[in-house]
Amino acid sequence: MPHPLPSPVIAELPLDLTTDLRFCPHRLVLTAHHVRLERIAPNPAVLEEWPLAQSERLVLEDHAGVGKLSLVDEHRCVAHWRFTMKHMPQAQKFVEKFTQRASPPAAATPKPANPVDHWLEDSPDTASTLTLLRLWRFARPYRNRLILGFLLTLAATAATLVPPYLTMPLMDDVLIPFQNGEAIDPMVVTKYLGGLFAAALVAWLLGWARTYVLARVSERIGVDIRTTTYNHLLGLSLDYFGSKRTGDLMARIGAETDRINLFLSLHLLDFATDVLMILMTALILFSINPWLALVTLIPLPIIAWMIHLVRDRLRTGFERADRVWSQVTNILSDTIPGIRVVKAFSQEAREAERFQAANQQSLKINDRVNRVWSLFGPTVTALTEVGLLIVWAFGIWQVSQGAITVGVLTAFLAYIGRFYSRMDSMSRIVAVTQKTAAGTKRIFDILDHQAGVPDPIHPESPLNRPAALRLEQVDFRHGNRSILNQINLTIPQGAMIGLVGHSGSGKTTLVNLIARFYDVSAGKILFDGTDIRQFRVADYRQQIGLVLQEPFLFFGTIAENIAYGKPEASREEIIRAARAAHAHEFILRLPQGYDSLVGERGQALSGGERQRISIARALLIDPKILILDEATASVDTETEQEIQQALDYLVQGRTTIAIAHRLSTLRQADMLVVLDQGRIVETGEHQELLARQGHYYRLYQAQIKLNEAGTLPLAEETPHAAD
């Protein structure tokens with residue numbers, strides 16, 4: 001029986017999964033002092049309750065379509081709960097309520113309205129400027145050159161501070177005495193002018209060397225970031241790509257790394273120069289006249305306060321602008337490859353409207369950022385101008401009192417001009433820094449994601465092993481969906497196994513697990529008696545050849561596509577594989593033969609031609625295990641016969657797992673495996689299964705009727721996530 005509430009309910013979160021990912025509706029309730037789990041139906045009750053401590057916090061995350069909310073303290077996870085992604089918005093509000101509850105009362109005091117607060121409210125996970133420190137990981141190999149660049153910057157800055165200092169003796173020892181009737185000494189003038197020229201020349205040489213050294217370093221850091229991010233991305237499992245948009249990933253690796261590179265090569269160099277210039281100028285100013293130097297610093301506290309005020313708002317705005325811009329690139333990455341479908345359905349206007357809407361949203365976000373920035377920049381400039389006027393006034397008063405000479409005031413004003421210009425420049429770099437921090441966070445979002453199919457610490461080798469497979473008690477879940485259950489299957493070396501079943505029965509998922517595109521949720525898959533998770537992923541997949549229903553060809557020549565799995569293959573090996581795949585004849589009919597370009601995704605070739613190139617690609621690597629996923633489903637009967645002849649050659653001596661809905665293509669299989677709703681319901685040979693008159697018999701009879709009626713066979717099944 002539920003006990004009475006000890007305090008009012010602050011927030012509720014509906015949950016639809018248990019911690020072991022079983023569907024069960026219940027809810028999480030937050031009060032001032034407790035979090036409790038309640039069952040909703042059939043008998044409402046409090047299942048468990050956790051008292052809250054001041055040090056505890058909630059952590060919200062998601063993975064593979066499942067949300068996870070954890071209650072953690074300084075040392076451990078106290079409790080965690082799971083839910084499907086439809087409850088994620090409510091979970092975010094639940095966390096906000098929890099945070100507000102844990103905040104001290106002063107935090108609840110209403111703040112003055114700010115014109116940009118309303119568009120920052122939904123960005124709780126913003127990047128910190130400290131994120132930029134993580135770039136040291138990429139800068140560390142170049143630390144010696146960075147130190148050299150810093151020393152050159154220090155020397156160049158010092159050289160640029162010499163000319164204003166030489167204006168003091170020029171004014172006091174040459175120009176003012178000349179106005180009072182004294183003759184100009186050419187040697188003195190030559191000495192000072194020579195010093196000015198030498199300082200300018202040294203500053204130019206040091207500035208060139210500094211820029212060259214640091215630009216080379218930044219370019220290499222940018223290359224390392226792009227390469228590391230791309231390599232890490234290639235190592236992630238398919239479930240990561242299933243939850244990401246292509247355009248967004250392209251924007252991160254392309255635009256974000258370019259932004260970081262520009263920051264390191266240009267803006268960070270300027271920032272370092274500005275800081276050194278300000279510090280060294282301040283020292284010189286205090287050495288010349290401490291009181292005048294103190295007057296110079298009057299605008300600094302106001303400028304520092306303004307930088308602190310707008311920094312977080314700019315960073316949040318830039319991060320949102322990046323996310324919105326990725327939507328623009330997502331539309332491009334969808335539309336351009338699918339342009340044939342767009343035109344076939346006359347949806348050009350609709351896609352143009354989608355693109356315009358995304359562009360307008362990007363414009364809206366950038367306008368809001370610019371609203372803040374347009375006020376900040378001119379305000380800083382105005383403050384420095386006011387500071388300059390104050391220095392003029394105080395300096396004239398000191399000259400009138402005889403405290404300083406005109407030469408000192410002239411040099412002081414020259415230094416102050418440099419001081420304030422650097423202050424203005426350094427304040428403007430705030431926007432660039434926040435943009436780069438947002439981009440760095442998006443890069444490390446990729447780098448921090450762990451591969452769902454990890455390599456073992458002490459891997460074994462799959463080489464020189466017979467290609468015998470055994471699946472033991474294999475289960476697979478995707479989010480809250482159970483796709484495969486209790487799969488037990490033995491595939492002897494060299495045997496051909498056919499997988500059949502309705503759409504969504506789990507056939508493609510099963511071969512994906514065998515190829516280790518995903519790892520099993522329970523059970524294990526053995527290769528010659530060894531769990532495939534004990535092999536390096538790359539080593540194991542080199543034993544597998546894959547021929548898909550929709551073959552993917554890369555932009556390049558036919559020879560390059562055939563040799564994709566074995567780039568070092570000779571032209572003779574490529575031709576031999578093409579002959580075996582019955583592709584040699586049509587390749588020779590092309591204008592450039594094996595050097596003909598296949599176009600974007602192979603669009604220059606027909607479906608049957610692409611499939612035969614795919615078969616040749618699989619033949620060339622000579623795999624131990626062959627996976628055929630509807631290899632003849634999308635071609636006409638004549639082409640199917642040619643492809644089937646190529647496949648007959650391909651499967652010889654190899655352990656083969658074939659998926660097909662044209663059941664006649666599997667008559668020669670050593671064993672047929674019938675799946676239904678994620679379970680194996682029948683196994684046996686073709687004639688044996690027909691005699692049983694079970695699931696396979698009904699599938700076969702249904703296909704005969706469809707063929708007699710002249711409709712499409714079951715081979716035209718639409719690919720399904722769980723198929």
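Guide: Start with a term. Two strands pair if DSSP finds at least two bridges between them. Keep in mind that this model is predicted.

Visitor: Which order do the strands take in the open sheet of four?

Guide: The order is β9-β8-β11-β12, and the pairing is antiparallel.

Visitor: Which strands stand at the edges?

Guide: β9 and β12 (530–531) do. Each has a single partner strand, so one side of each is left without a neighbour in the sheet.

Visitor: How many bridges join β8 to each of its partners, β11 and β9?

Guide: Strand β8 covers residues 469–478, and β11 covers residues 522–527. These two pair over five bridges, in the antiparallel sense. With β9 (residues 481–491), β8 forms seven bridges, again antiparallel.

Visitor: Which residues stand opposite each other?

Guide: Take β11. Asp475 stands opposite Ala522 there. Glu472 has Lys524 as its bridge partner in β11. On the β9 side, Arg470 stands opposite Thr490.

Visitor: What should I know about side chains in a strand?

Guide: In a regular strand the side chains alternate between the two faces of the sheet.

Visitor: Arg470 and Glu472 carry charges. What links their side chains?

Guide: First the general idea. Side chains of opposite charge can pair when their charged atoms come close. Here Arg470 and Glu472 meet in a salt bridge, at 2.7 Å from N to O. Arg470 is partly exposed, with a relative accessible area of 32%. Glu472 is partly exposed at 25%.

Visitor: How many salt bridges does a search of the whole structure find?

Guide: The search finds 17. One of them joins Asp448 and Arg134, with the closest N and O atoms 2.8 Å apart. This pair links distant parts of the chain, 314 residues apart. Asp448 sits in the loop between α12 (406–447) and β8. Arg134 sits in the loop between α1 (88–102) and α2 (136–139).

Visitor: Are those two buried, partly exposed or exposed?

Guide: Asp448 has a relative accessible area of 39%, so it is partly exposed. Arg134 is partly exposed too, at 37%.

Visitor: How does the salt bridge of Arg465 and Glu460 read?

Guide: Their side chains meet at 3.1 Å, N to O. Now check the cover of each partner. Buried means under 20% relative accessible area. Arg465 has 17%, so it is buried. Glu460 has 35%, so it is partly exposed.

Visitor: Why is helix α13 described as largely enclosed by the rest of the structure?

Guide: Count its buried residues. Helix α13 spans residues 507–514, and eight of its eight residues are buried, so the rest of the structure largely encloses it. Those residues are Lys507, Thr508, Thr509, Leu510, Val511, Asn512, Leu513 and Ile514. Just after α13, check the backbone: Arg516 takes a positive phi of about 60°.

Visitor: Now the surface. Which residues form the nonpolar patch?

Guide: Six names to find: Phe197, Leu201, Trp204, Leu205, Trp208 and Tyr212. Together they have about 730 Å² of accessible area. Tyr212 belongs to helix α5, residues 186–235. At 45% relative accessibility, Tyr212 counts as partly exposed.

Visitor: One last feature. How far apart are Gln645 and His582, in sequence and in space?

Guide: Compare the two kinds of distance. In sequence, Gln645 and His582 are 63 residues apart. In space, their C-alpha atoms are 7.9 Å apart. Gln645 is in helix α19, residues 637–650. Its relative accessibility is 44%, so Gln645 counts as partly exposed.

Key. Residues are numbered from 1 along each chain as its sequence is written. This is a predicted model: local features need pLDDT of at least 70, side-chain atom pairs count only at pLDDT 80 or more; totals for chains, interfaces and linings use all residues. Side-chain values use heavy atoms; hydrogens and water are left out. Patches are made of residues with over 30% relative accessible area and no salt bridge: like charges are joined within 9 Å, nonpolar side chains (Val, Leu, Ile, Met, Phe, Trp, Tyr) within 5 Å. Accessible areas come from the Shrake-Rupley method with a 1.4 Å probe; for residues, only the protein chains shown count as cover. A salt bridge is a side-chain nitrogen of Lys or Arg within 4 Å of a carboxyl oxygen of Asp or Glu. Buried means under 20% relative accessible area, exposed over 50%, partly exposed in between (1.4 Å probe, protein chains only).
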